[in-house]
Amino acid sequence: MKPELNRKERAEHLHRVITSERFLTKQGLGNEVPFFICPFPASEGLTMIEDRKDLVSRVGHSGVRVLDLSLYDLSLEILEERGILEQILEIEADSEKSEIKDLLQGVLDPATHIVPRIGAAIEAEPHDVIFLSGVGEVYPFIRSHNVLNNLQSTAKVAPTVLFFPGSYTHALATGASLDLFGQLHDDKYYRAFNILNYEV
């Protein structure tokens, strides 16, 4: 296991990996889907937004085109288009949390709504790599492993990097686990690679 990277080391590692031919041509993945998790401490959520934007700009200068998508922004777009964002904001204060959660989980179902929206963006915008962020903001309405499971048939050409506020661990006994905010240990997902361990 590699030691934790600090913010600057992580930024340099990500830049080096994402601009490398090995990463862009999906080498060393053994026919697995080209999905990568970039875990980061949840406490660095705000600085990670800056770092991701900076990374998009830096790799762009190296000629690598990023399709930068936020699950949070996609969710707001869907709610606005369906004319229910205002309605949810109005009823939220007087509704049970579970009612709001059920409503949003239905409207923002990854298979029927989120992934098709990502697929449309993939078709519309030329890119070499896809960044997915906003995982913490859409919890618990959207779970990252559900998005990744449903995305496998849609995003298989370009590498996809999910920026994840928490940890991504592999253990022989328990398999792989996406632990959101370093606390919630129930998202089993094993088909992605930890980009911080990817060597070029």
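The model you are looking at is predicted.

**Stop 1: Thr-160**

Select Thr-160 first, and colour strand E4, residues 160–171, where Thr-160 has its place. Is Thr-160 buried or exposed? Its relative accessibility is 1%, so Thr-160 counts as buried, the cut-off for that being under 20%. Now show what surrounds the residue: beyond the residues up to four places away in sequence, Thr-160 touches Pro-34, Phe-35, Phe-36, Ile-130, Leu-132, Leu-151 and Ala-155. Keep Phe-36 on screen for the next stop.

**Stop 2: the aromatic rings**

A pair of aromatic rings is described by the distance of the centres and the angle of the planes. There are five aromatic pairs in the structure. Begin with Phe-23 and Phe-36: the ring centres are 4.9 Å apart and the planes stand at 50°, so this pair is tilted. Phe-23 belongs to helix H2 (residues 21–24) and Phe-36 to strand E1 (residues 35–40), so the pair ties together parts 13 residues apart in sequence. Both Phe-23 and Phe-36 are buried.

To see the whole cluster, select Phe-23, Phe-36, Phe-193 and Tyr-198, which ring pairs link together.

**Stop 3: Asn-197**

Stay in the segment after E7 and select Asn-197, which is found there. Asn-197 is partly exposed, with a relative accessible area of 36%. Draw a C-alpha to C-alpha line from Asn-197 to Cys-38: the two are 159 residues apart in sequence, yet 9.6 Å apart in space.

**Stop 4**

In soluble globular proteins, nonpolar side chains tend to be buried together. The largest nonpolar core of this model has 36 residues, and Ile-37, Leu-71, Leu-79, Ile-118, Leu-132 and Leu-151 have the most contacts inside it. Colour helix H7 (residues 110–124), which gives the largest share of this core, five residues. Then centre on Leu-79 and leave aside its neighbours within four places in sequence: Leu-79 is in contact with Ile-84, Leu-85, Ile-88, Leu-104, Val-107 and Leu-108. Another core, of 20 residues, lies apart from the largest one, and includes Phe-36, Phe-40, Val-59 and Val-129.

**Stop 5: the largest pocket**

Rolling a probe the size of a water molecule over the atoms shows where empty space is left. The largest pocket has a volume of about 440 Å³. Its lining is made of 19 residues; select Ile-88, Glu-92, Ile-100, Leu-104 and Phe-141 to find those nearest its centre. Helices H4 (71–81), H5 (85–92), H6 (97–107) and H8 (135–138) are the elements that each give two or more residues to the lining. Which of them gives the most? That is H6, with five residues. Coloured by class, the lining of the largest pocket shows twelve nonpolar, three polar and four charged residues.

**Stop 6: the largest cavity**

The structure has two cavities of 30 Å³ or more, and the largest has a volume of about 70 Å³. Select its lining: Arg-10, Ala-11, Leu-14, Met-48, Asp-51, Arg-52, Asp-54, Leu-55, Arg-58 and Phe-163. Helices H1 (7–18) and H3 (45–61) are the elements giving two or more residues to this lining, and H3 has the largest share, six residues. The lining of the largest cavity divides into five nonpolar, no polar and five charged residues.

**Stop 7: two backbone details**

Most residues other than glycine have a negative phi, and most peptide bonds are trans. Select Tyr-139 and Pro-140: the peptide bond from one to the other is cis, with omega near 5°. Pro-140 lies in the loop between H8 and helix H9 (144–151). Finish at Lys-26, in the loop between H2 and E1. Phi of Lys-26 is positive, near 60°, and Lys-26 is partly exposed, with a relative accessible area of 29%.

Terms used: Residues are numbered from 1 along each chain as its sequence is written. This is a predicted model: local features need pLDDT of at least 70, side-chain atom pairs count only at pLDDT 80 or more; totals for chains, interfaces and linings use all residues. Side-chain values use heavy atoms; hydrogens and water are left out. Helices (H or I, at least four residues) and strands (E, at least two) are DSSP runs, numbered from the N terminus. Buried means under 20% relative accessible area, exposed over 50%, partly exposed in between (1.4 Å probe, protein chains only). Contact means heavy atoms within 4.5 Å. On a 1 Å grid over the protein atoms alone, a cavity is a set of points where a 1.4 Å probe fits but cannot get out, and a pocket is an open set with protein on both sides within 12 Å along at least five of seven lines; lining residues have an atom within 4 Å of a point. Grid points are joined across faces, edges and corners, and a volume is the space filled by probe spheres set on the points. Ala, Val, Leu, Ile, Met, Phe, Trp, Tyr, Cys and Pro count as nonpolar, Asp, Glu, Lys and Arg as charged, and the others, Gly among them, as polar. Rings of Phe, Tyr and Trp (its six-membered ring) pair if their centres lie within 6.5 Å; planes under 30 degrees apart count as stacked, over 60 as edge-to-face and the rest as tilted. A nonpolar core is a set of buried Ala, Val, Leu, Ile, Met, Phe, Trp, Tyr and Cys residues joined through side-chain atoms within 4.5 Å.
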